[in-house]
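Subject: Structure handover

Hello,

Here is the structure I said I would pass on. Please open it and keep it in view while you read the notes below.

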Amino acid sequence: MRTHRALPLLIASSLLTACGTEMVNPVTGQLERTVMDEPAELAQGQKAHQEVMKQYGAYDNPRLQAYVNEVGQKLASQSHRAQLTWTFTVLDSTEINAFALPGGYVYITRGIMAYLNNEAELAGVIGHEIGHVTARHGAQRATQQQTAGLGVLAATVLGAVLEAKGMSGAQDIASQVSQTAAAGYIASYSREQESQADQLGAEYLARNQYNPQNMVDVIQVLKSQEQFAIDTAKAEGRSAPSGASWLASHPSNDKRLADIKGIAAAYVGHYVDDGHARYLQATAGMAFGETRAQGVTRGRNFYHEDLGIALTAPVGWRVINAADAITLVNSAGDAGLIVKLVPPQAGQSHEEVIRNLIKPVDGQTEHRTVSGLSATHFEGTVRNAQGQNKGVRLTLVSGPGKRNYLLQYAARDAKALQGAATQIAEAESSFRALTAADRSAARPWALKTVPYPRGGFAELARSSPLSTHAEAQLRLLNGVYNGGDEPKIGQAVKVVN
């Protein structure tokens, strides 16, 4: 029940300039045909910005927002489109991501900010995204895709889509029943556009006395994230994640990384301060992982203090916390339990909710209790959007605060549902009002800095709330997961509190 991972930013070409016009590209100085002149670019960016804020929301930390805006405005003022009204926003998301919209809208998540280690790396991420805007890559893609009837506006950080495109079985289950799953895509820019954004980002860094080498360091941050995911999966006996990682998002990425190194090496300057101390000060106290408003996942447990509920996944299962649902999913990813908050307008009683929200063709109900809470189990048939009848199993539970919750059984097929029936029932029975122990465990995490001890990350891991792979995660946070210089004794390093 947190920010949705998908972002619907496909804008119908009818909203763009229908027959196109010609404009001089601010970066190249060349004349190019476009279906999105600058006024349309500004208008579409502003419209899509509202959708981004609705989907993600700004992170509620004025001091951090001001810091990121200051860095962004400094870079933008030295860009090829300094005259734009630039907007820089830290999104309240755990995703490792950043992207931009036409017209000067640039976004970076607190998720990726946790893993950056200095202001220059932050500038490297922002500079790349500014490059997409100044070179009008969104407008170019809208023009290229006009024949398809769609214009794609958003770009991910350095061309990296770190969420899996080939969704795992668990996410398949979560999305099967989801009534509000976003149906959008995030832009995939061409090799040439990514390379141009790399070059522009390096140029904007150099103009502001940041070492362009930090763009290479950002790529290493992304590669370390990917390697950590692979190593963690291997240690836990799971299949290594596949799909849309930075390495998978473009062919021949070794060449691209070499190109970025070449671009950075071309700039020779006197770069002294990378802003490490300023960055640690700015991010100290920043939420790490899920926030109280989103609910927090701790191993197999999920706690939502604001709603006053908790759930525990069966052994071997995992919890997926999404914007519109909590999904407890089995190890095979082919069966699970989807938990949703029922909107008040659907009705107060369980009978009203079933009639107004489920709209069954036929079925039967059974009154139950779940952890002492009033519940109604329903099994029957509903008609899907295609007009086909489909079997459904669910339980409605009256939770704290007079809120109703829908607990829906989900599986890839009848065999998977039957095989997981006992564990689904166990997951359902774990739904409860928060206990005192639950409330203590529901405390969100935040970043803080401490002096690096003689015992190194192993010593820090012993007192860390990170329950699994704590030492590896602390190394990842401090940019030394895949080697690199160990911090000096007494040097400020990031930990999770």
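Of the 497 residues in the protein, 52% are buried. Please keep in mind that this is a predicted model. The protein has 17 helices and 22 strands. The exposed surface comes to about 21500 Å², and carbon and sulfur atoms supply 50% of that area. Among contacts with a separation of 6 or more, 67% are between residues 24 or more positions apart.

Now the details, beginning with the hairpins.

Strand E17 covers residues 373-383 and strand E18 covers residues 389-399; the two pair in the antiparallel sense over nine bridges. To find the pairing on screen, look for arginine 383, which stands opposite asparagine 389 in E18. Five residues lie between E17 and E18 in this hairpin, and in the turn glycine 387 has a positive phi of about 80°.

E18 also pairs with strand E19, residues 403-411: these two run antiparallel and are joined by six bridges.

Another hairpin is made by E2 and E3, with six residues between the strands. Strand E2 is residues 21-24, strand E3 is residues 31-34, and four bridges hold them in antiparallel pairing. Glutamate 22 has arginine 33 in E3 as its bridge partner. Glycine 29 in this hairpin takes a positive phi near 75°.

Next, a sheet. Four strands form an open sheet in the order E10-E11-E12-E20, with antiparallel pairing. Which strands are at the edges? They are strand E10 (296-298) and strand E20 (432-433), each of which pairs on one side only. E20 pairs in the antiparallel sense with strand E12, residues 309-312, over two bridges. In that pair, alanine 310 has arginine 432 of E20 as its bridge partner.

Helix H11 runs over residues 276-283, and its buried residues include Tyr279, Leu280, Ala282 and Thr283. Viewed down the axis of H11, the buried residues fall within an arc of 165°, so they line one face of the helix. Ala277 and Gln281, on the other side of H11, are exposed.

In helix H14, residues 421-429, the residues Ile424, Ala427 and Glu428 are buried. These residues are on the same side of H14, because they cover an arc of only 100° around the axis.

If you want an order for looking through the model, start with E18, which pairs with E17 and with E19. Then turn to H11 and compare its buried Tyr279 and Leu280 with its exposed Ala277 and Gln281.

Regards

Technical notes: Residues numbered from 1 in each chain as written. Predicted model: local features only at pLDDT ≥ 70, side-chain atom pairs only at ≥ 80, totals over all residues. Heavy atoms only, no water. Pairing = 2+ DSSP bridges. Buried < 20%, exposed > 50% of the residue type's maximum accessible area, 1.4 Å probe, protein only. Arc of directions from axis to C-beta. Contact = heavy atoms within 4.5 Å. Areas by Shrake-Rupley, 256 points an atom, 1.4 Å probe, with all protein chains shown as cover.
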